[in-house]
Amino acid sequence: MALLLRLSGPAIALGAVLIIVTVSFGDGIGPLYLAGVSLLVLGMAGQVLRARRQRPTQEREPLLIGTPVAGRWRGLNSPASKVPSHMHGLAQTYALDITHEPPGASPRAMDWLWPQMRRPQEFPSFGRPVLAPFDGVVVAARGTSRDHLTRLSPLGLIVMLLEGFVRSLGAPRHLLGNHVLLRVDADDSTPDDTVVAVLAHLRRGSLQVAAGERVVAGQQIAECGNSGNSSDPHVHFQLMDSPDITTAHGLPFEWEYRGEDGAPRRGVPANEELFVVE
């Protein structure tokens, strides 16, 4: 079973290649074609099974942690609006995306006509500091993936869907882009639990930490970027119960912040909700 889950991506890729090759050469339905179909079915079954196995098995109270950014931001793909907010696979049940929107800036919007793709430097989120949400230890860090052009257009979304499919066939790092995984220091309230934060789509070359280093809450660890499976510069944040993102379960969390009206709030911002962290 574990082998099926690990090889589901390569099985889909190899199956697709076999089918394309046999059809291109006009070989019809033969051994290679049938092998390709079998690999596709097994690979897709493995992907579905992996997602089902990563569905949280019990309800847990949200863990209060620090926010990984400062300033005025907007929530996207939020667990306050829908659970799972993304999907159960890769422990994204309670994941949240956020984009920086300083006062006076235009809201994030689709480029319906032109340009079809833009440089990430044109977006206010790009280069914003990303902070450690708690005291802990860096368990993984990657910072060499490129910051690609945005995908906020009809053509861009098609490219992103194709890219996302190809990226999903490989290791999770291809989806996360540049990222940092932080394990929280255990305290009296969570003596036996493992809590790991994922901060993804970071800017290439901006990481200020490496695996094994200790960090403190509020310390800058990187900058917001547009790497990996990202439509435009934003921070992807999630908590999980293991450092292995392919087997972990997502964990709910909450932040303390102020709403657009200035009132203090505790939770996570909903889809399209503006929030301020001082």
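Student: Which side chain does arginine 265 meet in a salt bridge?
Tutor: Arginine 265 meets glutamate 273, at 2.8 Å from N to O. A salt bridge here is a side-chain nitrogen of Lys or Arg within 4 Å of a carboxyl oxygen of Asp or Glu. Keep in mind that this is a predicted model, where local features need pLDDT of at least 70 and side-chain atom pairs count only at pLDDT 80 or more, while totals for chains, interfaces and linings use all residues. Residues are numbered from 1 along each chain as its sequence is written, and side-chain values use heavy atoms, with hydrogens and water left out.
Student: Is arginine 265 buried, exposed or partly exposed?
Tutor: Partly exposed, because its relative accessible area is 34%. The cut-offs are under 20% for buried, over 50% for exposed and partly exposed in between, with a 1.4 Å probe and protein chains only. Glutamate 273 is buried at 18%.
Student: How many salt bridges does that rule give?
Tutor: Twelve. One of them joins glutamate 272 and arginine 74, at 3.5 Å from N to O. Those two are 198 residues apart: glutamate 272 is in the loop between β13 (264–267) and β14 (274–277), and arginine 74 is in strand β2 (residues 71–76). Strands are DSSP runs of E with at least two residues, helices are runs of H or I with at least four, and both are numbered from the N terminus.
Student: Which residues are linked with Arg74 in a network?
Tutor: Glu101 and Glu272 are linked with Arg74 in a network of salt bridges. Arginine 74 is buried, with a relative accessible area of 12%, whereas glutamate 272 is partly exposed at 46%.
Student: What about β2 itself, why is it called largely enclosed?
Tutor: Because six of the six residues of β2 are buried. β2 also runs antiparallel to β14, joined by four bridges, and pairs in the antiparallel sense with β3 over four bridges. Pairing means DSSP finds at least two bridges between two strands. Arginine 74 stands opposite leucine 274 in β14, and tryptophan 73 opposite histidine 100 in β3.
Student: OK, back to charges. What does glutamate 163 pair with?
Tutor: Glutamate 163 forms a salt bridge with arginine 151, with the closest N and O atoms 2.9 Å apart. Glutamate 163 lies in helix α4 (residues 154–168) and arginine 151 in the loop between β5 (136–142) and α4, so the bridge ties together parts twelve residues apart in sequence. Both residues are buried.
Student: New topic: where is serine 78?
Tutor: In the loop between β2 and β3 (96–100). Serine 78 is buried, with a relative accessible area of 1%. Beyond its neighbours within four places in sequence, its contacts (heavy atoms within 4.5 Å) include Ser85, Leu96 and Pro269.
Student: Which residues make the nonpolar surface patch?
Tutor: Trp112, Leu113 and Trp114, covering about 520 Å². Patch residues have over 30% relative accessible area and no salt bridge; like charges are joined within 9 Å, and nonpolar side chains (Val, Leu, Ile, Met, Phe, Trp, Tyr) within 5 Å. Areas come from the Shrake-Rupley method with a 1.4 Å probe, and for residues only the protein chains shown count as cover. Leucine 113 is exposed, at 75% relative accessibility.
Student: And how many helices and strands are in the chain?
Tutor: Five helices and 14 strands.
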